[in-house]
Amino acid sequence: MSIVKINVLTVPEEQRETLEQRFAARAGAVESSDGFEWFELLRPVEGTDTYLVYTRWRTEEDFQRWMAGRGQAAHGGEGAPGDRPKPAATDATLWSFEVVQQTGPRQG
């Protein structure tokens, strides 16, 4: 079964639009990666300033390969520090899960 990575981002209200625009601008950056299965950016609707970035991968190794390559670039790992825009999030935590059960809507 797949693995899930959830990046938990604390984003002040005044930075929400910036964060969402940055994700929209790099659409396609992960979709062609080997082992990539799914992406969702989840906006909080009430009572929190926490965004969730959900990705699902075929294996941990696929995720690690992406992080060492394109993921590093996407997360500001390239270029001089002065060339990068200030992060929209004030804090980030990465959660990791193994998918042990899954289901989808019934067909028919």
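**Reading the chain**

Mentor: Among contacts in this chain between residues at least 6 apart in sequence, 70% join residues at least 24 apart. Contact here means heavy atoms within 4.5 Å. This is a predicted model: local features need pLDDT of at least 70, side-chain atom pairs count only at pLDDT 80 or more, and totals for chains, interfaces and linings use all residues. Residues are numbered from 1 along each chain as its sequence is written, and side-chain values use heavy atoms, leaving out hydrogens and water.

Trainee: How many helices and strands does the chain have, and in what pattern?

Mentor: Start with the rule. Helices (H or I, at least four residues) and strands (E, at least two) are DSSP runs, numbered from the N terminus. This chain has 2 helices and 4 strands. Along the sequence they follow the pattern β-α-β-β-α-β.

Trainee: What share of the residues is buried?

Mentor: Buried means under 20% relative accessible area, exposed over 50%, and partly exposed in between (1.4 Å probe, protein chains only). Of the 108 residues in the chain, 26% are buried. The chain exposes about 7600 Å², and carbon and sulfur atoms supply 51% of that. Those areas come from the Shrake-Rupley method with a 1.4 Å probe; for residues, only the protein chains shown count as cover.

Trainee: Why does Glu17 count as exposed?

Mentor: Its relative accessibility is 56%, so Glu17 counts as exposed. Glu17 lies in helix H1. Now try Glu13, in the loop between strand S1 (3–10) and H1. Glu13 is exposed because its relative accessible area is 67%. Its C-alpha atom is 9.8 Å from that of Thr50, 37 residues apart along the chain.

Trainee: Which residues make up the largest nonpolar core?

Mentor: General idea: in soluble globular proteins, nonpolar side chains tend to be buried together. A nonpolar core is a set of buried Ala, Val, Leu, Ile, Met, Phe, Trp, Tyr and Cys residues joined through side-chain atoms within 4.5 Å. The largest here has 7 residues: Leu9, Val11, Leu19, Phe23, Tyr51, Val53 and Ala88. Helix H1 (16–25) and strand S3 (50–57) are the elements that give two or more residues to this core. Apart from this core lies another, of 6 residues, among them Ile3, Val30, Phe63 and Trp66.

Trainee: What does Phe23 touch?

Mentor: Leave aside its neighbours within four places in sequence. Phe23 is then in contact with Leu9, Phe39, Leu41 and Val53. The charged end of Arg26 also sits over the ring of Phe23, 4.5 Å from its centre. The rule for that: NZ of Lys or CZ of Arg is within 6 Å of the ring centre and within 35 degrees of the ring normal.

Trainee: How many aromatic pairs are there?

Mentor: A pair of aromatic rings is described by the distance of the centres and the angle of the planes. Rings of Phe, Tyr and Trp (its six-membered ring) pair if their centres lie within 6.5 Å; planes under 30 degrees apart count as stacked, over 60 as edge-to-face and the rest as tilted. By this rule there are 5 aromatic pairs. One of them, Phe36 with Trp57, is edge-to-face, at 5.5 Å centre to centre and 75° between the planes. Phe36 is in strand S2 (residues 36–42) and Trp57 in strand S3, 21 residues apart. Phe63 and Trp66 form a tilted pair, at 6.4 Å and 40°. Both lie in helix H2 (residues 60–74), 3 residues apart. Phe36, Trp57, Phe63 and Trp66 form one aromatic cluster.

Trainee: Is Thr55 buried or exposed?

Mentor: Thr55 is buried, with a relative accessible area of 11%. The residue is in strand S3. A polar contact of 3.0 Å joins the side chains of Thr55 and Trp57. Such a contact is a pair of N or O atoms within 3.5 Å; within protein, one must be able to donate a hydrogen and the other to accept it, and residues adjacent in sequence count only if both atoms are side-chain atoms.
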